[in-house]
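Welcome! Take a moment to look over the sequence and the 3D view, and then we will walk through some features together.

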Amino acid sequence: MATAVQKITLSSSRDIPFNKLVLSQANVRRVKAGVSIEELAESIARRGLIQSLHVRPVLDDEGQETGMFEVPAGGRRYRALEMLAKQKRLNKTTPVPCVVSAADTAILIDEVSLAENIERAPLHPLDQYRAFQAMRDKGMTEEDIAAAFFVEVNIVKQRLRLASVSPALLDIYAEDGMELKHLMAFSVSNDHARQEQVWEAIRNSWQKEPYHIRRMLTETTVRASDKRAVFVGVDAYEASGGIVMRDLFESDDGGWLQDVGLLNRLVSEKLTTIADEIATHGWKWVEAAVSIPYGVTHGLREIKGVPLDITAEEQATRDALQEELDRLTAEYEDADELPDEVDARLGEIEAAIDALDNRPVRYDPEEVAIAGVFVSIDADGSLSVDRGYVRPEDERPVEVADETVPEDDIDPETGEIRTPAIHHAVITIGGQPVQSEEEDEQNGLKPLPERLVIELTAHRTLALRDALANNPQVALTMLLHKLASDTFRHTAPTGCLEASVRHLYLSGQSQEMKASQSARSENDRHERWGDHVPADDQALWDWLEQLDDGTRLDLLAHCVSFGINALFERPNPHAASGISRHGLDVRLAQADRLAVATGLDMVAAGWKPTVGNYLGRVTKGRILEAVREGAGERAAQLIGHLKKGDMAKEAERLLADTGWLPEPLRVTDACDEPADQAGDGDALPAFLSGDIDEEQLSAAEEEDEAAMIAAE
C-alpha cells in the first residue's frame, strides 16, 4: 500500500494594525543597501504595500501571546511604514497585510529572515529596460518614469536606448552572449540591420572592445565636432531633417551626423551665401571652399587695407572691459584655481576685447576692383575670410611716373601709374637713363654703343665689389636690402646685387600644414615685419640704415629662412635637371645639421602621425612598424588582423601621445656633409629604398592581406 505524502501547510495571512507590529531583533539586515527607506516609503505611498510582511506572535514569560507581532522578514518595509506614520501620512492603526507563522515552529526566526533576503532573484537588467519601454508605450513620459522610480531622467533615457537595440542582439544579451558594455556600444546606432551586421563581423573575434563597435557603426558618419558640422550648426542640420546619432553612455563630443550628403549641401549653401554677400562689396572674385590648400596665395599680390578707427562708444566699452579684467586679475592673482564663473567671465572679457581690437579694414576701391577673396572654414569650424589678393593677370599696367603724367593718375605712396596715360617711357640700362630715338634726334646725340656700356658697367661692378668688401656695415645693409626686397617686394627688379634667397614655396600642400604651429608662426612673423618694411626702394634703404644691429640680424634671419629647402627630391642620374644624388645628400645632411643647431623637435612643433598625413598612405607593414616602435609589440599585435583603414585609425589612436616620428622627420646621428662618391649614384635613403607608387601600394596591401590570412 502506497505511503501518503504529507501535505505542506502554509502560514495564514491576515491584516494586523500597524501599531501592533514591532521590528524583530533577529532581522539579519543590518547594513543599508539598495533602495533607501525614503524612496521605499514614497513607493508605498504611490503604489501601496506590494509585498506582505512576515510576522510571529510575541510571547510573554509564560509563553502566552501578548497581541504584539515581531517582524523578522520585511524590516525595510516596516521602517518605511513607520516613516509614513511619523509623517502622519499613515494612521497608526492602519491594517497591514501580514503572513503569520506559528510561534512554536521549529524553524528559527533568524532562518526565516535570512532566507527572505537571500532567496530573492534579482531582476535581469533587460527586464527593467523592457519594462520602462512598455510604460512609455502606454503613455508615461520619460520624466514620469524617472519620478516614479526616483532616478534621473538621463538614466531612463539610457535604459530606453538599450531597449531599442535590435531584438536579436537583446536576446543574445539575455542569454549572456554579450556584456552590457557591448550592448551600450550598439545603442549608438538605430539601424538594426547594421547592428546585426557588425555583431556577425566581431562575434567570433577577440576584438570586441566597445570602441571598436562604435567605430564600425559610425564609420560612414561625420562627428559633430567636425569643422563642417560646427560651421553649419547641429541645430540647422537637424532642422533640415538630418539625424544625429548620440552615445548616451560615453562622451561623444556632440555625437555623429548620419547624413553626410545633407551636411555637405548645407555647407555649400552657407559658403555660397557668404561668398555672394562678400562679392557685393566690389571684389573681382571670391573663391570659397571647405579648405583652401596651403600656399594657394603664392604668386598673388596682397593688398593692404587701413583699419577703421574705433568709435567713442566702442572705446568706452573696451575701457570698461579692460577695467573689469584688471580688477578680476588682481583679485584672484594669488588663487590656486579660479572659480568656474570667474574663469568663464575672464574668457568672455578677453574674447570681447579681441573682437574690438580686431578692427574692420578699409581697402582702396580701385584695388578691390581687381582683387579677390578666399573664403574657407578654419579647423575650429569658424569662418575664415582672407581678403585682398590680386592675380597676375588682373594687375593693371604699372609704369614709372614722370612729370608728364597728371598728378591724379599717380599713386601718392608708390609713385605707380594705376590708370593708362600717354607719356614717354623712361628706359634705363645699367642704372643710367637712355634717350629715345626721338629725343636723340632732337638733341643731336647718339646712344653709346652696347659693347661700351657693358665694359663701363663691368668696371663699375668691380669697383663696387671692392668698396663693399671693405665696408661690412654697408655690406650688411646691402644684403638686407636685397633680401628684404626679394621677400617683401616680389616685383622688385634684380638691381646691382646678385645675392638672393630663392623663396621655396610649399604650394599644393595639405590643409593640416596651413594650420600647423610652424606655418602660423611664420605668417605672424612675416606680417609683423611687413607692417614696417617700406615699399619704396630708397625708403627701404634709409629704414635699414637706421636699424640697430640686433634688429638687422633678426630681419636677416627671417629673410634667409625663406630659402631653407629640406625637401626630398628623386635624384636625376644625368644631373641635367633637378638634383643629383650627391646634391640631395648634401641638402639632407645640412638640414640635419641645422635641426641640431636650432634644437628642432618635430613633436614639439605639433606633428603627430594621423591617417591623413602618414598612416593612411603607407602599407600595413609600415603601420605595424610604427605602432611597434611607438606603442610596443603588444599594441602592434592587437591591430595586426585589421583591414588597412581600420588599422590606420587604430594606429592613430595608439600613437597619439607617444612622440613617434617617421624616419624623414628624425635627425640622423651623422650630420656631416657626405663626400662625393662614385657609383651607387641612384641609391635612395633607407626609408625610401622600397618606395612605391599608388598602384604598387595597392598590390602591396593585397600581399599583406594574403600573408595575414596564411599566418592565421
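**A guided look at the model**

Glu-302 stands opposite Tyr-389, a residue of strand 14. The protein chain has a mean pLDDT of 78, and 78% of its residues reach 70 or more.

**Around strand 14**

- Strand 10 (residues 301–302) runs antiparallel to strand 14 (residues 383–390), and two bridges link the pair.
- Strand 14 also pairs with strand 13 in the antiparallel sense, this time over six bridges.
- Within that pairing, Val-373 has Arg-387 of strand 14 as its bridge partner.
- Strands 13 and 14 form a hairpin with five residues between the strands, and Gly-381 takes a positive phi near 90 degrees there.

- Five strands make an open sheet with mixed pairing, and their order is 1-5-3-4-2.
- Strand 1 (12–17) and strand 2 (21–23) are the edge strands, each pairing on one side only.
- From one strand to the next, the twist averages 50 degrees.
- Strand 2 pairs with strand 4 (residues 65–73) in the parallel sense over three bridges, and Val-22 has Glu-70 of strand 4 as its bridge partner.
- Helix 2 (residues 75–86) lies across strand 2, strand 3 (53–59), strand 4 and strand 5 (95–100), and runs at about 120 degrees to strand 2.
- Helix 3 (residues 109–118) packs on the sheet too, where it touches strand 3 and strand 4, and its direction makes about 40 degrees with that of strand 4.
- Here is a handy idea for viewing sheets: in a regular strand, side chains alternate between the two faces.

**The largest nonpolar core**

- In soluble globular proteins, nonpolar side chains tend to be buried together.
- The largest nonpolar core in this model has 24 residues, and those with the most contacts inside it are Phe-231, Tyr-237, Leu-263, Val-267 and Trp-283.
- Helix 11 (227–232), helix 13 (260–279) and strand 13 (372–377) each supply at least two residues of this core.
- Helix 13 gives the largest share of this core, with seven residues.
- Setting aside neighbours within four places in sequence, Tyr-237 has contacts that include Val-232, Ile-243, Leu-257, Leu-262 and Leu-263.

- Is Met-647 buried or exposed? Met-647 counts as buried because its relative accessible area is 0%.
- Met-647 sits in helix 27 (residues 644–655).
- Met-647 and Lys-620 are 27 residues apart in sequence, while their C-alpha atoms are 7.6 Å apart in space.
- Beyond its neighbours within four places in sequence, Met-647 is in contact with Lys-620, Ile-623, Leu-624, Ile-639, Gly-640 and Leu-642.
- Gln-158 belongs to helix 6 (residues 153–163), and with a relative accessible area of 14% Gln-158 is buried.
- A polar atom of the Gln-158 side chain lies 2.7 Å from the backbone oxygen of Leu-248.
- Leaving out neighbours within four places in sequence, Gln-158 is in contact with Leu-248 and Phe-249.

**Where to read with care**

- Over residues 400–405 pLDDT stays under 50, and the model has 14 contacts beyond four places in sequence for this stretch.
- Over residues 676–681 pLDDT also stays under 50, and the model has three contacts beyond four places in sequence for them.
- Where pLDDT is low, the predicted coordinates should not be read in detail.

Notes
Residues are numbered from 1 along each chain as its sequence is written. This is a predicted model: local features need pLDDT of at least 70, side-chain atom pairs count only at pLDDT 80 or more; totals for chains, interfaces and linings use all residues. Side-chain values use heavy atoms; hydrogens and water are left out. pLDDT is the predictor's confidence in each residue, from 0 to 100. Contact means heavy atoms within 4.5 Å. Helices (H or I, at least four residues) and strands (E, at least two) are DSSP runs, numbered from the N terminus. Buried means under 20% relative accessible area, exposed over 50%, partly exposed in between (1.4 Å probe, protein chains only). A nonpolar core is a set of buried Ala, Val, Leu, Ile, Met, Phe, Trp, Tyr and Cys residues joined through side-chain atoms within 4.5 Å. A polar contact is a pair of N or O atoms within 3.5 Å; within protein, one must be able to donate a hydrogen and the other to accept it, and residues adjacent in sequence count only if both atoms are side-chain atoms. Two strands pair if DSSP finds at least two bridges between them. Axes are lines fitted to C-alpha atoms, for helices over the stretch in contact, and angles run from 0 to 180 degrees between N-to-C directions.
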